[in-house]
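Here is a short briefing to read alongside the model. Take a look at the structure first, and then we can walk through its charged pairs together.

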Amino acid sequence: MDAAFAQLRAASAKQAPVDPLSSAGIPRGDPRRAALPDGARVAVVGAESLLGMQIVSAIARGGAGLADTAGGAPPAADTAGEAPAAADTAGGAAPRWRVVALCTASEPAAGWLPEGADARAFTPFVPTALARALGDVSAVVICTEAACGKGGVEAK
């Protein structure tokens, strides 16, 4: 069994990493591959779900764990000079992006919001409040109740 696993590891180490965007038919240089600049604000809708909390924490830590690859290193910039989606800045480096947890609870993020993260009310049926909550956001991550369970946003 150990010999079979050793052969499998050796074979997979020889394979080039898979680029999920290229696999999805989005070629290098396509504007949909654009990376977020340092300092961009990322909103997590459904941040009260377990996955949402983990995403908020990872972004607040500087993206550590968001860009796992086979070798454990963040992905390299592609040929168009785009930066990786999230750099692994574990080890005390400053966060690459700012994170906002959009919460539906009356006491948003009480007790779990990591240092450096911001909480805002998520009111999807009040257009002016929603526009205010998302006005300075560069990207939105949506954690739905169907995919993430309790704390995720409901599909309405």
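**Salt bridges and their surroundings**

D136 counts as partly exposed, because its relative accessibility is 35%. This aspartate belongs to a network of salt bridges that also links R41, D118 and R120. Please keep in mind that the model is predicted.

**Overall build**

- The protein contains five helices and four strands.
- Read from the N terminus, the order of the elements is α-α-β-α-β-β-α-β-α.
- Of its 156 residues, 31% count as buried.
- Among contacts with a separation of 6 or more, 58% are between residues 24 or more positions apart.

- R120 forms a salt bridge with D136, where the closest N and O atoms are 2.9 Å apart.
- This pair links distant parts of the chain: R120 sits in strand β3 (residues 117-121), while D136 lies in the loop between α4 (127-134) and β4 (139-142), 16 residues apart.
- R120 also forms a salt bridge with D118, with 3.4 Å between the closest N and O atoms.
- Is R120 buried or exposed? R120 is buried, because its relative accessible area is 16% and the cut-off for buried is under 20%.
- D118 has a relative accessible area of 31%, so this residue is partly exposed.

**The R96 and D38 pair**

- The structure holds four salt bridges, and one of them joins the side chains of R96 and D38 at 2.8 Å, N to O.
- Where do the two partners of this pair lie? R96 is in the loop between α3 and β2, and D38 is in the loop between α2 (20-23) and β1 (41-45); the pair links distant parts of the chain, 58 residues apart.
- The loop that holds R96 runs between α3 (50-60) and β2 (98-103).
- The side chains of R96 and D38 also make a polar contact, at 2.8 Å.
- R96 counts as buried because its relative accessibility is 12%.
- D38, in contrast, has a relative accessible area of 58% and is therefore exposed, as the cut-off for exposed is over 50%.

**A general point to take along**

- Side chains of opposite charge can pair when their charged atoms come close.
- Here, R120 pairs with D136 at 2.9 Å, and R96 pairs with D38 at 2.8 Å.

Methods
Residues are numbered from 1 along each chain as its sequence is written. This is a predicted model: local features need pLDDT of at least 70, side-chain atom pairs count only at pLDDT 80 or more; totals for chains, interfaces and linings use all residues. Side-chain values use heavy atoms; hydrogens and water are left out. Helices (H or I, at least four residues) and strands (E, at least two) are DSSP runs, numbered from the N terminus. Buried means under 20% relative accessible area, exposed over 50%, partly exposed in between (1.4 Å probe, protein chains only). Contact means heavy atoms within 4.5 Å. A polar contact is a pair of N or O atoms within 3.5 Å; within protein, one must be able to donate a hydrogen and the other to accept it, and residues adjacent in sequence count only if both atoms are side-chain atoms.
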